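Biologist: Could we go through this one together? I would like to start with charged pairs and then move on to packing and the surface.

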Amino acid sequence: MSNVEKQTSIHLPGVSHGKQPFPLASRVGPIVATSGIFGIDPDTGELAEDPEDQVALAFSNLGRVLEIAGGEMSCVVRVVVHVLSMDLRPTVNRVWETWFPDPAHRPARNTLIRELGGGAVCALHAEAYID
């Protein structure tokens with residue numbers, strides 16, 4: 001079986017990259033890698049207006065993507081957090097500690113400043129290992 005046959009695209013209803021030709025995440029075997037996960041409200045399909053809500057929704061959407069893939073947030077091994085400004089770092093840290101409360105069991109993380117476009121202030125890229 002080729003890797004193409006093993007690969008599964010993962011979609012989250014109400015959250016997408018619009019007309020872009022790629023999924024929110026992809027799974028091959030036990031490995032899940034995400035595209036950018038944004039603070040989109042799945043009920044409206046729109047970015048949250050409040051920056052803190054965007055950060056919270058981005059992490060919530062990551063959790064939902066992992067559930068669809070058969071995992072959970074404890075399966076995450078690495079997250080790259082892209083932010084419009086480092087002013088969001090305290091908010092990211094607050095939300096991070098909610099999702100990953102045990103310092104002994106947190107994934108690796110990088111936080112990078114980047115222009116995101118479309119009103120987005122935060123995007124997550126993650127890798128997870130799901131047994």
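Biologist: How many salt bridges does the count come to?
Modeller: The count comes to two salt bridges, where a salt bridge is a side-chain nitrogen of Lys or Arg within 4 Å of a carboxyl oxygen of Asp or Glu. This is a predicted model, in which local features need pLDDT of at least 70 and side-chain atom pairs count only at pLDDT 80 or more, while totals for chains, interfaces and linings use all residues. Residues are numbered from 1 along each chain as its sequence is written, and side-chain values use heavy atoms, with hydrogens and water left out.

Biologist: Which residue forms a salt bridge with Arg 94?
Modeller: Glu 52 does, with the closest N and O atoms 3.6 Å apart. The pair links distant parts of the chain, since Arg 94 is in helix H3 and Glu 52 in helix H2, 42 residues apart; helices (H or I, at least four residues) and strands (E, at least two) are DSSP runs, numbered from the N terminus.

Biologist: And how do H2 and H3 pack?
Modeller: Helix H2 (residues 51-68) and helix H3 (residues 89-99) pack at an angle of about 30 degrees with their axes 10 Å apart, the axes being lines fitted to C-alpha atoms over the stretch in contact, and angles running from 0 to 180 degrees between N-to-C directions.

Biologist: Which residues of the two helices meet there?
Modeller: Among them are Glu 52, Val 55 and Phe 59 in H2, which meet residues of H3 including Arg 94, Val 95 and Trp 99, where contact means heavy atoms within 4.5 Å.

Biologist: Back to charges: where do Arg 78 and Glu 127 lie?
Modeller: The side chains of Arg 78 and Glu 127 meet in a salt bridge (3.8 Å, N to O). Arg 78 lies in strand E7 (residues 76-83) and Glu 127 in strand E9 (residues 122-129), so the pair ties together parts that are 49 residues apart in sequence.

Biologist: Is Arg 78 buried, exposed or partly exposed?
Modeller: Arg 78 is partly exposed, with a relative accessible area of 34%, and Glu 127 is also partly exposed, at 27%; buried means under 20% relative accessible area, exposed over 50%, and partly exposed in between (1.4 Å probe, protein chains only).

Biologist: Changing topic, where is Gly 18?
Modeller: Gly 18 is in the loop between strand E1 (7-10) and strand E2 (25-28), and at 56% relative accessibility Gly 18 counts as exposed. Gly 18 and Gly 45 are 27 residues apart in sequence and 9.6 Å apart in space, C-alpha to C-alpha.
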